[in-house]
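Here is a short briefing for a first look at a protein structure.

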Amino acid sequence: MNAHRLLLAGEPVLLLAQKALYWPRHKALVVADIHFGKAASFRAQGVPVPRGTTSQNLAALDLLIGQYEVGQIVFLGDFLHARAAHAPATLAAMLAWRRRHADLALTLVRGNHDRHAGDPARALGIEVVDEPCLRAPFCFCHHPDTAAPGYVLAGHVHPVFVLATRSDALRLPCFVVGPQRMILPSFGAFTGGFPVAPQSGEAVFVSSGEAIHLVR
């Protein structure tokens with residue numbers, strides 16, 4: 001199944017195989033670490049990396065907006081990767097996407113990369129806030145260890161879980177779900193991942209891209 005229903009702090013949510021969370025009661029799509037302009041930032045430093053990651057990110061958002069009833073999107077930090085993410089081509093693609101979704105409310109909880117990159121262009125119409133951002137019972141954060149007066153939804157880590165056999169291993173993006181917080185996988189293309197070991201009381205749900213599976 002491409003979504004897994006879960007009860008968090010008394011609220012039904014959906015963990016999506018596309019590496020996002022959906023909060024039905026508020027028609028909210030929650031994504032972490034989209035890192036717009038990361039590839040452009042690398043190319044600006046002379047590193048030959050693929051083009052098209054901004055388009056991939058926007059297409060991934062479009063897919064979910066078409067699949068679910070989305071009235072708002074909350075970005076859990078690292079919306080922009082670096083100052084080079086303000087490149088005209090990147091901004092033009094984002095503005096064109098925004099015009100197609102003018103009715104969506106967009107909120108960005110600043111992450112560490114956002115503080116270096118600067119806030120998104122005003123023309124994108126994004127409300128920018130600092131962590132923790134309380135929307136009871138959840139606190140939207142970037143850093144998972146932020147002290148907060150609610151259940152924390154965060155990113156920053158880019159968690160992946162390693163599924164290993166005797167002869168091979170597979171790294172899959174994952175949601176790490178604990179009693180007081182959840183760490184979401186990075187949503188963006190070209191963002192990489194950090195292997196995590198769940199702590200006591202934490203569950204791990206991996207995404208194959210088509211389905212969500214509980215592995216720990």
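**Pockets, cavities and the chain**

The second largest pocket has a volume of about 150 Å³. The model is predicted. The protein chain has 216 residues, with 4 helices and 16 strands.

**The second largest pocket**
- The lining of this pocket is made up of 13 residues.
- V157, R181, I183, V196 and Q199 are the lining residues that lie nearest the centre of the pocket.
- By class, the lining of the second largest pocket splits into 8 nonpolar, 2 polar and 3 charged residues.

**The cavities**
- The whole structure holds 2 cavities of 30 Å³ or more.
- The largest cavity contains about 60 Å³ of space.
- Its lining consists of F36, L58, L61, F75, F79, M94, W97, R98, L106, L124 and I126.
- Two or more of the lining residues come from each of α2 (53-67) and α3 (88-100).
- The top contributor to the lining of the largest cavity is α3, with 3 residues.
- The lining of the largest cavity counts 10 nonpolar residues, no polar ones and 1 charged residue.

**The chain as a whole**
- Of the residues in the protein chain, 52% count as buried.
- Take the contacts in the protein chain with a separation of 6 or more: 63% of them join residues 24 or more positions apart.
- The accessible surface of the protein chain is about 10,000 Å².
- Carbon and sulfur atoms account for 55% of that accessible surface.

Definitions and conventions: Residues numbered from 1 in each chain as written. Predicted model: local features only at pLDDT ≥ 70, side-chain atom pairs only at ≥ 80, totals over all residues. Heavy atoms only, no water. 1 Å grid on protein atoms, 1.4 Å probe; cavity = no way out; pocket = protein on both sides within 12 Å on 5 of 7 lines; lining within 4 Å. Points joined across faces, edges and corners; volume = space filled by probe spheres on them. Nonpolar A, V, L, I, M, F, W, Y, C, P; charged D, E, K, R; others polar. Buried < 20%, exposed > 50% of the residue type's maximum accessible area, 1.4 Å probe, protein only. Contact = heavy atoms within 4.5 Å. Areas by Shrake-Rupley, 256 points an atom, 1.4 Å probe, with all protein chains shown as cover.
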